[in-house]
Amino acid sequence: MPATKEASSLGKAFQVLEVLATAAGPRALLEIVQDLGLHKPTVHRILGELVDLGYVSRVEKGVYEITPKLRRLASGELEDRLIEIADPCLRELHTETGETVNLGVLRGTNVRYLRVLESTHPLRRIVEPDSVDPFYSTSLGRAITLQLTDAEWEALINRTRLLARTTETVTDVKQLRKIHQQAQQDGYSVEQDQNDVGVTCIGAPIYQQENIVAAISLSVPTARADAKALKRFIKAVLRTAEQISQKLEFNR
């Protein structure tokens, strides 16, 4: 796959991805350089950008492979399959709690809502499917990204425009890093009044082959989220996320 002088930066990036995607396993930087005939600094820079974007992972120094994120993007089938598999579990959670249930995925620096089951209560947060919210201010986004390493999280934050959605929104990077680390320890995330005033959300990740592919959340008016209720909601959300993860594995 010789490179041409006319190849754009985007074209070179796709050439690098093609080499990695067709390889039987991880490839060394020098092997990729030899395959493409590109300059080593150019390939190294492209690989660094692809690592920051989450499409390539650095297995060890100078050795790279594509990530599940890229495989999912190439297949284009995960979202429809995820909605189909998750829907019965989401409906059970909705019936059990009477609160708004959300299913979302990370797209760039935002969370995209795939499925929204609205609360039966008149006081509720209304979200439309296919709408987006920032990852850093939502329990969905914090749950989806809890698997990221510090370096991966830093790269994501560096690409994110941090804006206050409410007076409670955390936009300080040091505080957000602590929130990220807390979510990693807990295995879920709770956000209160940071994306919408008067709304508390509990988010938990959905796994496929040990990788987080999505998350679910429960949106509850803060007035209905006292300590006792919050504990019950967290337990229900974690149980539902685990059920969906198990179904995704079973239906691979």
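**Exercise 1. Find which residues Thr 138 is in contact with, leaving aside its neighbours within four places in sequence.**

Step 1. Apply the cut-off: contact means heavy atoms within 4.5 Å.

Step 2. List the partners. Thr 138 is in contact with Val 111, Tyr 113, Asp 133, Glu 191 and Asn 195.

A note on the source: this is a predicted model, where local features need pLDDT of at least 70, side-chain atom pairs count only at pLDDT 80 or more, and totals for chains, interfaces and linings use all residues. Residues are numbered from 1 along each chain as its sequence is written, and side-chain values use heavy atoms, with hydrogens and water left out.

Step 3. Thr 138 sits in the loop that runs between strand E6 (132–134) and helix H6 (139–144). Helices (H or I, at least four residues) and strands (E, at least two) are DSSP runs, numbered from the N terminus.

Step 4. Look at the side chain. From Thr 138 it reaches the backbone oxygen of Pro 134 at 3.1 Å.

**Exercise 2. Is Thr 138 buried or exposed?**

Step 1. Recall the limits: buried is under 20% relative accessible area, exposed is over 50%, and partly exposed is in between (1.4 Å probe, protein chains only).

Step 2. Read the value. Thr 138 has a relative accessible area of 4%, so it is buried.

**Exercise 3. Describe how helix H7 packs with helix H8.**

Step 1. Two packed helices are described by the angle between their axes and the distance between the axes.

Step 2. H7 (residues 150–158) and H8 (residues 173–186) pack at about 135°, with axes 11 Å apart. Axes are lines fitted to C-alpha atoms, for helices over the stretch in contact; angles run from 0 to 180 degrees between N-to-C directions.

Step 3. Name the arrangement. That angle makes H7 oblique to H8. Under 35 degrees counts as roughly parallel, over 145 as roughly antiparallel, 65 to 115 as roughly perpendicular, and the rest as oblique.

Step 4. Name the residues. Asp 150, Trp 153, Glu 154 and Ile 157 in H7 meet Val 173, Leu 176, Arg 177, His 180 and Gln 181 in H8.

**Exercise 4. What is the phi of Asp 193, and what is that of Glu 210?**

Step 1. Start from the rule. Most residues other than glycine have a negative phi.

Step 2. Read the values. Phi of Asp 193 is near 65°. Glu 210 has a positive phi of about 70°.

Step 3. Asp 193 counts as buried, at 17% relative accessibility. Glu 210 is exposed, at 68% relative accessible area.

How values were computed:
A polar contact is a pair of N or O atoms within 3.5 Å; within protein, one must be able to donate a hydrogen and the other to accept it, and residues adjacent in sequence count only if both atoms are side-chain atoms.
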